[in-house]
Amino acid sequence: MKRIKLGVLVSGRGSNLQAIIDNIGSGSLSAEIAVVISDQADAHSLERAKKHTIPAVHVSAKGYRGKRDEYDALLVKELQKHNVELVVLAGFMRIITPTLLKAFPNRVMNIHPALLPAFPGLHVQKAAIEHGAKFSGCTVHFVDGGMDTGPIIIQAVVPVLDNDNEDLLSERILKQEHKIYSRAIQLYAEGKLKIEGRRVIMTDGRASTEDHLINP
């Protein structure tokens with residue numbers, strides 16, 4: 001089948017990026033990373049990309065404080081230059097504006113380390129523990145104009161253990177992130193995702209928990 005062209009936006013170390021690269025290499029993900037873009041010049045993600053001969057681009061956000069739309073216009077230009085079909089956020093620490101969303105309608109994905117709609121934003125594992133949640137996990141969703149509010153594609157559930165701290169829980173959730181992000185991208189590449197209102201429907205008729213719920 002056709003290999004979908006991805007543009008991956010990053011800010012940090014890029015463990016989800018590496019998982020995507022590995023899954024492409026193993027043949028379990030029918031995709032090609034056309035470009036990796038970071039807002040941080042020293043992001044380790046850029047080194048990961050270069051190691052695998054993937055175009056790695058630093059698009060500096062300096063001088064764009066309060067001008068997020070103008071910055072996103074630069075991202076759009078770079079993504080379009082590489083003929084990107086699906087934009088994947090992998091630890092990209094900036095809020096996406098309508099400028100990018102209009103250029104890639106329903107073609108921007110994000111992964112969040114909590115079971116949305118619970119615990120959006122930052123430091124979510126700490127929040128889950130402090131709140132006394134018995135389960136946490138991660139969510140792949142399409143990006144809309146809000147913070148972690150877009151239609152949910154797939155989720156993985158991770159139990160919160162009595163002896164958990166933020167780091168321990170984060171580590172277990174990250175292992176699931178590495179699995180379900182590539183799965184969501186593969187479903188998109190196969191044309192099996194359809195957005196109906198707030199719901200993402202599997203167009204081949206499958207909607208079992210096996211497709212949407214993964215336990216460690």
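This is a predicted model: local features need pLDDT of at least 70, side-chain atom pairs count only at pLDDT 80 or more; totals for chains, interfaces and linings use all residues.

Biologist: Why is Phe 119 called partly exposed?

Modeller: Its relative accessible area is 23%, and since buried means under 20% and exposed over 50%, the term for a value in between is partly exposed. Phe 119 lies in the loop between E5 and H5.

Biologist: What makes the phi of Phe 119 worth a remark?

Modeller: Most residues other than glycine have a negative phi, whereas Phe 119, although not a glycine, has a positive phi of about 55 degrees. Asn 83, in the loop between helix H3 (68–81) and E4, is also a residue other than glycine with a positive phi, near 55 degrees.

Biologist: What makes the peptide bond from Leu 116 to Pro 117 a point to mention?

Modeller: Most peptide bonds are trans, but the bond from Leu 116 to Pro 117 is cis, with omega near 10 degrees. Pro 117 has its place in the loop between E5 and H5.

Biologist: Which residues lie nearest the centre of the largest pocket, and how many line it?

Modeller: The lining has 34 residues, of which Gly 91, Met 93, Ile 111, Pro 113 and Leu 122 lie nearest the centre, and the volume of this pocket is about 970 Å³. Two or more lining residues come from each of helix H1 (15–26), strand E4 (86–90), E5, H5 and H6, with the largest share, 5 residues, from H6. By class, the lining of the largest pocket divides into 13 nonpolar, 14 polar and 7 charged residues.

Biologist: Which members of the largest nonpolar core touch the most other members?

Modeller: Of its 60 residues, they are Leu 6, Leu 9, Ile 33 and Met 109, while the largest share of this core, 8 residues, comes from H6. Leaving aside residues up to four places away in sequence, Ile 33 touches Leu 6, Val 8, Leu 17, Ile 20, Ile 21, Ile 24 and Ile 54.

Methods. Residues are numbered from 1 along each chain as its sequence is written. Side-chain values use heavy atoms; hydrogens and water are left out. On a 1 Å grid over the protein atoms alone, a cavity is a set of points where a 1.4 Å probe fits but cannot get out, and a pocket is an open set with protein on both sides within 12 Å along at least five of seven lines; lining residues have an atom within 4 Å of a point. Grid points are joined across faces, edges and corners, and a volume is the space filled by probe spheres set on the points. Helices (H or I, at least four residues) and strands (E, at least two) are DSSP runs, numbered from the N terminus. Ala, Val, Leu, Ile, Met, Phe, Trp, Tyr, Cys and Pro count as nonpolar, Asp, Glu, Lys and Arg as charged, and the others, Gly among them, as polar. A nonpolar core is a set of buried Ala, Val, Leu, Ile, Met, Phe, Trp, Tyr and Cys residues joined through side-chain atoms within 4.5 Å. Buried means under 20% relative accessible area, exposed over 50%, partly exposed in between (1.4 Å probe, protein chains only). Contact means heavy atoms within 4.5 Å.
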